[in-house]
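This report goes through selected side-chain and packing features of one model. The sequence and the structure come next.

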Amino acid sequence: MGKIKNKLAYYRKKADAAMQEYYREQDLKCEVCGGIYSCKHHFFTKKLSAVLRYNEQNLISICQGCHTRHHQASDPRIHAKILENRGFEWHHNLEVENRKIIKPSIKYYKTIIDKFK
């Protein structure tokens, strides 16, 4: 069982990196302040939602400053601004999507990696 978990973690990490790299090649701005894009932030966290981990609607373009303020300072204005910009219908749709259940596998992660190449 340990080998399978290690392989899953390996492919999940590769999928995460492929996703972030794909978006770094786009001409994106921070959705909160309009600053220089740094990464895709998960509105519904990766820890709380495997099904939304690679869902484009859950991925927020964000700069390093806003990302740091959100995670290190727990600044509620970050998510408030995203909700203001995207709307409550967007949030509701993500909540509905989040109720789905997936069981990530190596094949699943390989599909995600291919998607972002």
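Helices (H or I, at least four residues) and strands (E, at least two) are DSSP runs, numbered from the N terminus. The model is a predicted one: local features need pLDDT of at least 70 and side-chain atom pairs count only at pLDDT 80 or more, while totals for chains, interfaces and linings use all residues. Residues are numbered from 1 along each chain as its sequence is written, and side-chain values use heavy atoms, with hydrogens and water left out.

## Gln 20 in helix 1

Gln 20 is part of helix 1 (residues 2-24). With a relative accessible area of 13%, Gln 20 is buried; buried means under 20% relative accessible area, exposed over 50%, and partly exposed in between (1.4 Å probe, protein chains only).

Leaving out residues up to four places away in sequence, Gln 20 touches Tyr 37, Cys 39 and Lys 40, where contact means heavy atoms within 4.5 Å. Gln 20 and Phe 116 are 96 residues apart in sequence, and their C-alpha atoms are 8.8 Å apart in space.

## Aromatic rings

A pair of aromatic rings is described by the distance of the centres and the angle of the planes. Rings of Phe, Tyr and Trp (its six-membered ring) pair if their centres lie within 6.5 Å; planes under 30 degrees apart count as stacked, over 60 as edge-to-face and the rest as tilted. A search of the whole structure finds 9 aromatic pairs. One of them, Tyr 10 with Tyr 11, is edge-to-face, at 5.0 Å centre to centre and 85° between the planes. Tyr 10 is partly exposed, at 46% relative accessibility.

Phe 43 and Trp 90 form another edge-to-face pair, with 4.9 Å between centres and 75° between planes. Phe 43 lies in the loop between strand 1 (39-42) and strand 2 (59-62) and Trp 90 lies in helix 4 (residues 88-98), so this pair ties together parts that are 47 residues apart in sequence. Both Phe 43 and Trp 90 are buried.

Tyr 22, Tyr 23 and Phe 116 form one aromatic cluster. The charged end of Lys 40 sits over the ring of Tyr 23, 4.5 Å from the ring centre; this term requires NZ of Lys or CZ of Arg within 6 Å of the ring centre and within 35 degrees of the ring normal.

## Helix 3 against helix 4

Helix 3 (residues 76-86) and helix 4 pack at an angle of about 105°, with their axes 6 Å apart. Helix 3 is therefore roughly perpendicular to helix 4, a class that covers 65 to 115 degrees, whereas angles under 35 count as roughly parallel, over 145 as roughly antiparallel and the rest as oblique. Axes are lines fitted to C-alpha atoms, for helices over the stretch in contact, and angles run from 0 to 180 degrees between N-to-C directions.

In this contact, Ile 82, Leu 83 and Arg 86 of helix 3 meet Phe 88, Trp 90 and His 91 of helix 4.

## Residues in loops

Arg 53 is located in the loop between strand 1 and strand 2 and is buried, with a relative accessible area of 12%. Not counting residues up to four places away in sequence, Arg 53 touches Arg 12, Asp 16, Met 19, His 42, Lys 46 and Leu 59.

Ser 74 is in the loop between helix 2 (64-73) and helix 3. Ser 74 is exposed, at 55% relative accessibility, and its phi is near 50°, a positive value in a residue other than glycine.
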